[in-house]
Structure formats: C-alpha cells, structure tokens
Amino acid sequence: MSRAIQRRLLGTALAVVALVTLAPLLWMLSISLMPAGDANVFPPRLWPRQVTLQHYVELFARLDVARYALNSAALSVSVTIISVFINGMAGYAFAKFRFAGRDSLYRTLLGALVVPAQVAMLPLFLLMKALGFVNSYVGVMIPGMASIFGIFLVRQYALSVPDDLLDAARMDGASEFRIFRSVVLPVIAPILITLGVFTFMGTWNDFMWPLIVLSQEEKYTLPVALATLSLEHVQDTELMMAGAVLTILPVLIVFIALQRFYLEGITAGSVKG
Amino acid sequence: MVRPRSSRWAPWVFLAPALVLIGVFFLLPVTAAFLLSVTDFDLYALADRSVVRFVGLGNYSNLLSNPDFVRALRNTFYFVMVGGPLSIVASLGAALLVSAKLAPYKSFFRTVYFAPVVTTLVAVAVVWRYMLNTRYGLLNYALGGLGIAPVDWLGDPAWAMPAIIIMAVWKNFGYNMVIFVAGLQNIPADLYEAAELDGAKAWHRFRHVTLPMLRPTLLFVSVITLIGYFQLFAEPYVMTQGGPSKSTQSIVLLMYEEGFRWWRMGNAAAIAFVLFAIMLVGTALQLLLRRGEE
C-alpha cells in the first residue's frame, strides 16, 4: 500500500470516529434550536427547519436557569481558588521541607486514595447536618477544598524547585510565606493551572454530593437542576437539549482554552501514579 | 556554607489547612462510616440519636439476603466487566489511530475525541436518553439504515444496561486514550524499525512490540477504569432511575436511595463498605494477575 493511500485511509477512519464522537453533541445543539415538538418526528431531523432561541429564552425567563448557572459558577470558581491555594501549599511542603514524619504522612495520604468518596458521604452528611451546613454552599464546597490527588500533583512538580533558590531567599531574610509567594509560585504555576482546571471542571460537573447536600431548589447547581427538570419535563426534548447545551458549554470552553494543562495533568497522574 | 534552615513550624503551617480538611471531612467520616454500618441508624435516629442500636454485622448479613442488593451487585458487575474492557479497547484503538505516523491533523482529532470526557455527565445523560429513544432517536435511525429493527433501549430490561454501556464508552474513551498515547510515545522507535527489518507485518508489530511495551500502561488503565466503573451512579439516575424492573440499579444508586431517600443510613453504610471491599479485591487481583504473567 502506498503512503498516500494509507494516509487517506487513516484520515477517513479518524474522521468517521470524530463524527460518531461529535454526533450526540451536535445533535443536542441542533435540537435545542428547533421549535417545540420538532424533535419528535420520524425520521429524526438532523438540522432545524427553522432556528429559534425560544427554549433558551424560556430557560432563563421561566425556569430560572441564570440562578443555577450563577450558583454553579460561584461554587466552581471559589472551590478552584481555595483548592489551588490549599493543595499548592501542602504539595510544596511535602516536596521541599524536611521534617519528622513527612514520608510516612505522605504515604498514609496516598494510601487513603483507594477509599472511594462514597464511603465518606453518609457520615459526612451527618457531620454537615450537625454543623448546620446542609443546604448551604459551604456544605457543597468543603469536600472539594483539599484533595489528596491535588497534593500529589503539586508535590511531584514542586520537587523540581531548586533548593538553592529557596536557601538564597532564606539568606536574604525572606519569610517562608514570602518565599512561597514570590519564589515558589512562579515556578509551580503551570501545575497549579492544571490543578485549577481539574478542580473547576470537577466541581462544575459534580452531581452526587450537591444533590445530597442541597435541598432548596434555588440553591441547586446546574447539573442538579437539569437532572430535576429533565425528570419533570420528559416530553420537552428541545427545552432539555437547550439546558444540556448551557450546562456543557462552560466546561467545554474552559477545556478548549486550557487543554494543554488538562491533558498534561492526566499523563502526569498516570506516569508517576 | 551553612544552609539556612526553615523554621520547625513552617511545614506544619503550610500543611495545616489541607490536613485538617482531609482529616475532619474525609478520614473521620470514613472511620465513622464503618461505625455507622454496624448500627441500625435510620430516620428516627436522625431526630433522636438515643434510639440507635448496635447490630454487629447484621446489616452486612441482611444485604446478602436482600434481592435488591444482589441485583444491584449483578448489574454493577455487568457494567464493569462488559463496559470496562469495551471502553479500554475503544481507547486503545483511538490512541493507535491518533498516534499513527501518517495520521493527519492529530492534535485536532485528539481534542475532538477527548471532548466527551469533559462534558457534564448529567447533561450528556439527558442527551443520550434522547439518542436512545426508540422512535425518534438517532441510534435506532442509524441501525435502521443497516436494516436492524428498532431496539427499545431504555424500556427493555435486557437492553437498558447495554445502552448505558454504549453511552459510558462514548463518554470515557478519550480519557484512557490520552494515557495510551503517552504510553505509545514511550516505546522506542528502533524497536519498530527492527521489527520491520525482520519483515513483521503491522499486526505482528502490534502483537509483539506495542502490546508488551504497553503492559504497564494497560495495567494502570484497567485499574482506574475498574475503580471508576464500579461507581456507576449518575447515568442510571438520569436515564433510567435504575429501571426498567431495576435492571440498571447500581450499587451506588442503591446506596444513595437507602441512605438519602429512605434514610436507612446504617444499611447504606454497609453497602458502601461492600463496594469498597469489592474495589480493593478487584484492584489487588489485577495487580496479582499481571505480576503472575511476568
């Protein structure tokens, strides 16, 4: 087989897989722009006969989607900032400070990675209830603020920060926080962005924990609201597709803008993990 | 030169927020979960703690005779054992495609294949509920083009789990693909050149160079896939609510319903621990199996 033919075959195979991969997402977008009822026909319509934004208008005007989107955005941004800060400091400490018990503590934390989050959820809910955090944003945020995986990610990266750099700053009399801020942060910034992207997407997409903690509808995140709406509006396909578009779009944009950092995070986690 | 030392308390100040959060809101609840699982904690206990009684391993032994639990266990194993390998094969196939030397627009296709991974599970579950619609769905329409009669994907107990598996493979294959691509890049090119000089055909190169060299990657991928797939929850929650006739009820969905709908928290904690134990055994088995092969 000549190289030209091989290249053509490969290109075709890649394109077919891409089409199958994108089909559900493109169809979602297409249906969300159809007039009500237009999706329930046979054979299925691939493109809207007539483009309408009525479902997006209805989502915002009648179903209060702006509030859910705002909830999701505020929660995801806050958790991301807090988690980057907390895990960044802890990862750096494990990488660059020498102190008694460091290695065994780190090993214990990594060992705890095998425990699935669901095991903690029932008592965590009771704890949140006792603390008065049920049906509050704090309750949703707390489990995401510190993550063992995040600490691991930062530590692996921070190992490469040269000790001489830190010692020089200490000789100059800089405080540890100052060193962290002005010497360490610039060096480990790439991995912090990776961690930030991971945390943002994870929090935005999270479903089970917000579903458990939040009981009042006006506090719902987008995924929880969408799941609830979709069980009530089973027949309103076009409307639900518009809701799905609004839920997916922000994470898709963040991913496309920052995919380099995201993909590096996955391989960093797998090679060393 | 004397190295200036950081003060003794500095590391603990840096670690404190993370350690306190992880300790109080993860390790403590995990320990408490075990205690919860040996009690009859229920709706009444939520209001008045004094009614909680110690029941030993009663919750665990009740699970074994609970048909809902046995069914959820079977459903989850079905999902893990069929969906897991399918999704790994799809990932490896996609990785080989986007890594092929002659492939055009590699990074574009890699991004496209990865897109489903970052999408919100709840949202794509809503989309797939419609993709799988018996009359109007795209999947049955495409199958119809091949002369296959419409399948009642989400309404037929025999097809609901396969439908969820199809969706899960679509959603997840990009993740493992990225890991496989990294693994493929680590295979030295001269191994392939040597094989080619020996006249090895593409399939033989794959079988005798690629696969053996990918073994560590494969092990890692199968462990994380197993762990992830055992936690099946949002797909059945949104697409089928565990039905039809409980054919897609998963362990985590059952735990959620026991714990947070019926508030039988002692029972739900026991379910969570059984899931944990199964995942541990599954991971250990894989590690042992691979070690045995070497």
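Predicted model: local features only at pLDDT ≥ 70, side-chain atom pairs only at ≥ 80, totals over all residues.
A:Val57 sits in helix α2 of chain A, which covers residues 54-61. Is A:Val57 buried or exposed? A:Val57 is exposed, because 11 other C-beta atoms lie within 10 Å. A:Pro24 is 33 residues away from A:Val57 in sequence, and their C-alpha atoms are 23 Å apart in space.

A:Pro24 takes us to helix α1 of chain A. This helix has 30 residues and reaches 43 Å from its first C-alpha to its last, close to the 44 Å expected at 1.5 Å a residue. Even so, α1(A) bends by about 45° at A:Leu22, and the proline A:Pro24 follows within four residues. A:Pro24 is also one of the buried residues of α1(A), which include A:Leu14, A:Thr21, A:Leu25, A:Trp27 and A:Met28 as well. Towards the end of the list come A:Ile31 and A:Ser32, buried too.

Helix α1 of chain A matters again when we turn to the partner chain. In all, 77 residues of chain A are in contact with 70 residues of chain B. Which element gives the largest share of the side of chain A that touches chain B? Helix α1 (residues 3-32) of chain A does, with 16 residues. Sorted by class, this side of chain A holds 58 nonpolar, 14 polar and 5 charged residues.

| Feature | Chain A | Chain B |
|---|---|---|
| Helices and strands | 12 helices, 0 strands | 14 helices, 0 strands |
| Radius of gyration | 23 Å | 24 Å |
| Span of the C-alpha trace | about 75 × 70 × 35 Å | about 80 × 75 × 35 Å |
| Buried residues | 44% of 273 residues | 40% of 294 residues |

For chain A, a compact globule of 273 residues would have a radius of gyration near 19 Å, but the chain has 23 Å. Among contacts in chain A between residues at least 6 apart in sequence, 77% join residues at least 24 apart. In chain B, the share counted in this way is 66%.

Chain B has an exposed residue of its own to visit. B:Leu43 lies in helix α2 of chain B, residues 43-47. B:Leu43 counts as exposed because it has 10 C-beta neighbours inside 10 Å, and the cut-off is 12 or fewer.

What does B:Ile271 touch, not counting residues up to four places away in sequence? B:Ile271 touches B:Leu63, B:Phe69, B:Ile251, B:Leu254, B:Met255 and B:Glu258.

Terms used
Residues numbered from 1 in each chain as written. Chains lettered and ligands numbered in written order. Helix = DSSP H or I, 4+ residues; strand = E, 2+ residues; numbered from the N terminus. Buried ≥ 20, exposed ≤ 12 C-beta atoms within 10 Å, placed from the backbone. Contact = placed C-beta atoms within 7 Å. Nonpolar A, V, L, I, M, F, W, Y, C, P; charged D, E, K, R; others polar. Expected span 1.5 Å × (residues − 1). Bend = angle between axes of the 7 residues up to and from the residue. Rg over C-alpha atoms; globule rule 2.2 N^0.38 Å.
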